[in-house]
Amino acid sequence: MKSRLSCFATPSRAGRARAALAVLALSGALAACGSSPPVHYYTLQTPERSGAPGAAPGSASFLIEVQPVTLATQADQPQLMVRTGDGSISALYSERWSSPLGDELRNALSDALKRDLGALDVQMVKPGPGAPIWRVQTDVQRFEMVSGSMAQLDATWRVRPVDAKGTGQLCRSIVTESVPDEAITSLIAAQQRAVVSLAGVMAAAIRGQSPAGSGSVQMMGCSPLKE
């Protein structure tokens, strides 16, 4: 009887230790297989550089009101949507915008216009009764990034005076910035430059100048807005 019971004896300490190590090793392997790459976040706002050209903050006699930006659903995604050389679009789930893309565009345009015009945005400063304001509306038809090639911003925009002197304008601009390599940071930098260039032609219209094209900006036409 004793010999039969010995077949069902409790495993030794060494055996239990080996089994525990095996379970831990398997758990570690499964965790490694299931781990995802780290997520990187990007913004369209460019840092303000000391000594960079621009008007002094608050030096303008008017305020600006940069309204929410509308854009195509295809581009309005939390992850970066990058077009490749074969015409397909890749969703880079580990490369994301730090806030909704429409907010990124609005905030970047506001920053660029404030630096260019010296005007404050009503989102930061509450205007008094009858304060002169230039309202800015932007509708982005295309927001494209092509790996190793270019970044493009195609937008219809309006600038309209509210209790201010001047003539409103309705314009369409296509801004194209070259991308020197396939790095994600190069694509982001190109789109940042595109937003600044778009703000530049908007600022010209607010000043009463005729928005002109440049090396990166193609003006598709403007028309005055009726009062």
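These exercises, each with a worked solution, concern a predicted model.

**Exercise 1. The disulfide**

Task: Find which cysteines are joined by a disulfide, and place each in the chain and by accessibility.

Solution: 
- Step 1. Searching the whole structure gives 1 disulfide.
- Step 2. The partners are Cys171 and Cys222, with an S to S distance of 2.0 Å. A pair of cysteine sulfur atoms counts as a disulfide within 2.5 Å, so the distance of 2.0 Å between Cys171 and Cys222 meets the cut-off.
- Step 3. The angle about the S-S bond is 115°, and the link of Cys171 and Cys222 is right-handed.
- Step 4. Cys171 belongs to strand S9 (residues 169-178) and Cys222 to strand S10 (residues 217-224); the two are 51 residues apart, and the pair links distant parts of the chain.
- Step 5. Buried means under 20% relative accessible area. Cys171 has 1%, so Cys171 is buried. Cys222, at 35% relative accessibility, counts as partly exposed.

**Exercise 2. The aromatic pair**

Task: Classify the geometry of the rings of Trp97 and Phe143.

Solution: 
- Step 1. There is 1 aromatic pair in the structure.
- Step 2. In this pair, the ring centres of Trp97 and Phe143 are 6.0 Å apart, and the ring planes stand at 70°. Planes over 60 degrees apart count as edge-to-face, so the pair of Trp97 and Phe143 is edge-to-face.
- Step 3. Trp97 is buried at a relative accessible area of 5%, and Phe143 is buried at 10%.

**Exercise 3. The second largest pocket**

Task: Describe the second largest pocket by its volume, its lining and the strands that supply the lining.

Solution: 
- Step 1. The volume of the second largest pocket is about 190 Å³.
- Step 2. The lining has 16 residues, and those closest to the centre of the pocket are Gln74, Ala75, Met81, Phe143 and Glu144. Phe143 is also a partner in the aromatic pair.
- Step 3. At least two lining residues come from each of strand S4 (79-83), strand S5 (89-97) and S7.
- Step 4. Sorted by class, the lining has 10 nonpolar, 3 polar and 3 charged residues.

**Exercise 4. Helix H4**

Task: Compare the reach of helix H4 with the expected value, and state how many of its residues are buried.

Solution: 
- Step 1. Helix H4 covers residues 184-206 and has 23 residues.
- Step 2. From first C-alpha to last, H4 reaches 33 Å, close to the 33 Å expected at 1.5 Å a residue.
- Step 3. Of the 23 residues in H4, 17 are buried, and the helix is mostly covered.

Technical notes
Residues numbered from 1 in each chain as written. Predicted model: local features only at pLDDT ≥ 70, side-chain atom pairs only at ≥ 80, totals over all residues. Heavy atoms only, no water. Helix = DSSP H or I, 4+ residues; strand = E, 2+ residues; numbered from the N terminus. Buried < 20%, exposed > 50% of the residue type's maximum accessible area, 1.4 Å probe, protein only. 1 Å grid on protein atoms, 1.4 Å probe; cavity = no way out; pocket = protein on both sides within 12 Å on 5 of 7 lines; lining within 4 Å. Points joined across faces, edges and corners; volume = space filled by probe spheres on them. Nonpolar A, V, L, I, M, F, W, Y, C, P; charged D, E, K, R; others polar. Expected span 1.5 Å × (residues − 1). Phe/Tyr/Trp six-rings, centres within 6.5 Å; stacked < 30°, edge-to-face > 60°.
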